[in-house]
Amino acid sequence: MSFRPIFDAHRWDDVKASIYAKTAADVERALAAPKCTLEDFKALISPAAAPYLEQMARLSNQLTRKRFGNTVQLYVPLYLSNECQNICTYCGFSLDNKIRRRTLSSVEMLQEATVLKEWGYEHVLLVTGEANQTVGVDYLQKAIQTLRPHFAHISMEVQPLDREDYERLIPDGLHTVLVYQETYHQEDYKKHHPKGKKSNFYYRLDTPDRLGQAGIHKMGLGVLFGLEDWRTDSFFTALHLAYLERTYWQTRYSLSFPRLRPAEGLLQPKVEMSDRELVQLICAYRLLNEEVELSISTRETPTFRDHIIKLGITSISAGSKTNPGGYVVEPESLEQFEISDERSPAEIAAMIRRQGYEPVWKDWDQALATPVP
Amino acid sequence: MTMQPLVIAGRTFSSRLFTGTGKFSSAPLMEEALLVSGSELVTVALKRVDVTDAHDDLLGHLSHPQFQLLPNTSGVRTAKEAVFAAQLAREALETNWLKLEIHPDPKYLLPDPVETLKAAEELVKLGFVVLPYIHADPVLCKRLEEVGVAAVMPLGSPIGSNKGLLTREFLEIIIDQSRVPVVVDAGIGAPSHAAAAMELGADAVLVNTAIAVAGQPVQMAHAFRLAVEAGRLAYEARLAAPRAHAEASSPLTSFLD
């Protein structure tokens, strides 16, 4: 069983045409429906829904508070390596980008971790490029084992792995894996990923299935906005999520909304996504799915982030550095992308409180998933 | 006029409103709301607290003599994981009371009856005071009672849904049959729902979302306190049966006298 046959049954151009054909009547039907379907979701992300944004925002706010309460979770990325064998046209770590490559040792990881702990973090997201010789599964396992005593919740955003690899890492304390499809547009995917293991579209598409089969606690999906039509890509994300929720019903899901940011030597977005459109999408996801976690990173501006936490977002990063060693070990190394919100975690926590929400640093405990011999 | 006290595992509670600690907009607000609620049993998710930190923010705001802590295992997916987490909670929070929650489905958070029964049996043997969160399943309640749980906590409707007592028919059977206290947990969205559960004869209710997410959580906590007391007093006073029609004024059987 996999998502592939469902994906193959949907043609990109047909999906796109049906989204753009949605009318105000379709949007109103979607807003009034007791349970939002994928067809309703198409209407909510269509241009026809633009005049209904305020109504969508109100509904999203209510639904999010009902499920998640008056809380916002905090997490922080920890970049372990910028070594990468892939060419990705939009990424600062791309193989053809002549930058100094750096992979943290266990000692260096702990130095970085010390700072994150001082800031109050309990949830860390480990990030690497894809270089199987230096940052393969052995390296990742070592990293998780090294950091586990210091963090309640360990997430990972690295290359897609085989099921057996995930099964190896989960008992060591891996709780969440983020794997973004980047785009569900097959031809464009090949254009943006011309070289390296990442150029295999279907291996990446099947990754959430492998994660589900391995019994991961939580997985994160998403696409990179700027590569292709965001509405069509988001429909495919929602389709993927709907399939996964039914199939791997013990796993939790989160969605992220990375918009292409300038990085050294890279392409400009083919498709611009405005703030208004991103808000529309976030609210549409919430109306479609009351339970999915929605996450926003420091790619976005302070003003946008301050306002978005009331509109459906449930977790947020702060103080992030996107270069390996960026916190203390080697602050000057090259970053993956520029961040827009440079405020400290304490400032972000204070902002969250001012809006009437409680910043939640800890929402998992390693003791809850310890395998008992 | 006061309610009869509630006794669970030898401990007497003068409040029949149990409360949760999640979803509040701040820890001080939670503390104030719980104090106003009069609650004496307060459940805490193990995943939310740092048991290694003596100055944990959440726990700090719960350190009042009237609050008995009820650690819960929210997040575990199997009986094995629950037993491990329970032992850690007992050691760290110095209480053998446990709200056993095993909901492997993170979407609707519905409890797994098979794993819950397995875990309950083992935890009772390990000396825990077990309060399991379960479906409103009368047979499961009897099975749990047989393995020695201190109370049963059937749901009124899916957790956090605020939909009230959708399982009413089954709650009535559970209350009718049970030899241990019945605490209606989950789905209670309004004080009227809580009062209805108490009028049915539930021994207590557990409320979290409806208080935490209210516009004025402190005032809502007070409202729940009143509703639970009203419902319980009504139950103890024995409600008049509802009737569809007025009583006939001339008895039909008086000719027999």
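Predicted model: local features only at pLDDT ≥ 70, side-chain atom pairs only at ≥ 80, totals over all residues.

Visitor: Moving to chain A, why is strand 2 called largely enclosed?

Guide: A residue counts as buried if 20 or more other C-beta atoms lie within 10 Å of its own. Five of the five residues of strand 2 (residues 123–127) of chain A are buried, so the rest of the structure largely encloses that strand.

Visitor: Which residues cover each face of strand 2 of chain A?

Guide: In a regular strand, side chains alternate between the two faces of the sheet. Here A:His123, A:Leu125 and A:Val127 lie on one side, A:Val124 and A:Leu126 on the other, and all are buried.

Visitor: How do you know that strand 2 of chain A pairs with strand 3 of chain A?

Guide: Pairing takes at least two DSSP bridges. Strand 2 and strand 3 (residues 153–157) of chain A have five, in the parallel sense, and A:Leu126 has A:Met156 as its bridge partner there. Strand 1 (residues 71–79) of chain A passes too: four bridges join it to strand 2 of chain A, again parallel, with A:Leu126 as the partner of A:Leu78.

Visitor: What makes the β-α-β units around strand 2 of chain A?

Guide: One is strand 1, helix 6 (residues 106–119) and strand 2 of chain A, and it is right-handed. Strand 2, helix 7 (residues 137–147) and strand 3 of chain A make a right-handed unit as well.

Visitor: Back in chain B, what describes the packing of helix 3 against helix 4?

Guide: Packed helices are described by the angle and the distance between their axes. For helix 3 and helix 4 (residues 113–125) of chain B, that is about 40° and 8 Å, and the crossing is right-handed. Among the residues making the contact are B:Ala82 and B:Val83 of helix 3 of chain B and B:Ala119 and B:Leu123 of helix 4 of chain B. By class, this helix 3 to helix 4 contact in chain B has six nonpolar, no polar and three charged residues.

Key: Residues numbered from 1 in each chain as written. Chains lettered and ligands numbered in written order. Buried ≥ 20, exposed ≤ 12 C-beta atoms within 10 Å, placed from the backbone. Helix = DSSP H or I, 4+ residues; strand = E, 2+ residues; numbered from the N terminus. Right-handed = clockwise from strand over helix to strand, strands pointing away. Axes fitted to C-alpha atoms, helices over the stretch in contact; angles between N-to-C directions. Left-handed = near helix turned anticlockwise from the far one by under 90°. Contact = placed C-beta atoms within 7 Å. Nonpolar A, V, L, I, M, F, W, Y, C, P; charged D, E, K, R; others polar.
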